[in-house]
Amino acid sequence: MEKKGILIVISGFSGAGKGTLVKELMRRHGEYALSVSMTTRNPRPGETEGVEYFFTDKAHFEETIAADGLVEYAVYCGNYYGTPRAYVEEQLEAGKHVILEIEIQGALKIKKKFPESLLVFVTPPSGEELVRRLQGRGTESAEVIEKRLARAVEESEGVEAYDYIVVNDDLGECAEEIHFLVEACRRAPVRRGAFINEIRRQLSGFVKGERE
Ligand code: 5GP
């Protein structure tokens with residue numbers, strides 16, 4: 001099958017469990033690479049530079065935009081978030097499926113730039129469960145939680161733009177569901193061009209041979 005990897009966007013309401021899900025997917029399957037975004041938001045307790053994010057300031061972020069160093073970027077709850085270009089391009093070329101865990105504005109930009117990308121939206125089983133998970137995280141103030149819930153309502157309006165919706169109820173099952181979607185994507189005609197052309201070539205040779 002074609003060597004080039006698939007660009008996968010994973011979005012979902014804040015608190016849908018995307019981070020844990022992506023870790024589980026990568027633990028189970030070796031062919032994925034996770035892009036680390038750049039952001040101007042402050043690190044949360046326990047977050048490490050270069051692991052969850054590259055933390056930076058507004059001026060540096062805007063310089064990176066100007067230098068075309070980001071595949072996409074967006075403003076979310078007052079902060080910039082963006083995907084560094086170099087890592088994504090390198091990993092796709094190396095045949096890895098690159099995961100972008102990004103919000104909806106960024107997802108839409110990716111689909112426009114890379115129509116063959118796979119957009120997956122992850123939701124918790126219910127709205128009540130989402131509120132419970134956000135409050136249970138304990139790292140956010142009531143005000144931030146409120147902002148994120150308001151944003152979740154907005155984002156729910158845009159779900160139709162995604163290719164698939166998966167419900168994150170059982171972690172393992174959800175990870176396998178995403179892997180299954182990626183495997184299906186690899187079989188799309190757009191990725192099997194060289195193979196199908198070779199079959200066409202062989203067949204047309206055969207037809208000619210028969211006529212002679
Ligand atoms: P958080 O502050 O909770 O880490 O992330 C807030 C939102 O920003 C999440 O929905 C997350 O998926 C999204 N996000 C993280 N990195 C990027 C990025 O590089 N680009 C875009 N567009 N969104 C991002």
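The text below goes from the ligand to the pockets and then to the cavity.

This is a predicted model, where local features need pLDDT of at least 70, side-chain atom pairs count only at pLDDT 80 or more, and totals for chains, interfaces and linings use all residues. Residues are numbered from 1 along each chain as its sequence is written, and side-chain values use heavy atoms, with hydrogens and water left out.

Start with the ligand. Its shell has 16 residues, and S37, R41, Y53, Y81 and E103 are the closest. By class the shell holds 5 nonpolar, 4 polar and 7 charged residues. Here Ala, Val, Leu, Ile, Met, Phe, Trp, Tyr, Cys and Pro count as nonpolar, Asp, Glu, Lys and Arg as charged, and the others, Gly among them, as polar. Strand 5 (70–76) and strand 6 (79–84) each give at least two residues to the shell. Strands are DSSP runs of E with at least two residues, helices are runs of H or I with at least four, and both are numbered from the N terminus.

Now the polar contacts, meaning pairs of N or O atoms within 3.5 Å. The side chain of Y53 places an N or O atom 2.5 Å from a ligand oxygen. A ligand nitrogen sits 2.7 Å from a polar side-chain atom of E72. E101 uses its backbone: a polar atom there is 3.1 Å from an oxygen of the ligand. Taken alone, the ligand exposes 510 Å², and the protein buries 95% of that. These areas come from the Shrake-Rupley method with a 1.4 Å probe.

The grid has 1 Å spacing over the protein atoms alone; a pocket is an open set of points with protein on both sides within 12 Å along at least five of seven lines, a cavity is a set where a 1.4 Å probe fits but cannot get out, and lining residues have an atom within 4 Å of a point.

The largest pocket has about 1,100 Å³ of space, a volume being the space filled by probe spheres set on the points, which are joined across faces, edges and corners. Its lining counts 37 residues, with G19, R41, R44, Y53 and E101 nearest the centre. Among the elements giving two or more residues to this lining are strand 1 (7–12), helix 1 (18–28) and helix 5 (127–137). Helix 1 gives the most, 6 residues.

The second largest pocket has a volume of about 260 Å³. Of its 15 lining residues, R41, N79, E140, V144 and R148 lie nearest the centre. Helix 6 supplies the largest share of this lining, 4 residues.

Finally, the count gives 1 cavity of 30 Å³ or more. The largest cavity holds about 40 Å³. M1, E2, K4, I6, H97, R186 and R191 line it.

Methods:
Near = heavy atom within 4 Å. Polar contact = N/O pair within 3.5 Å; in protein donor to acceptor, adjacent residues only side chain to side chain.
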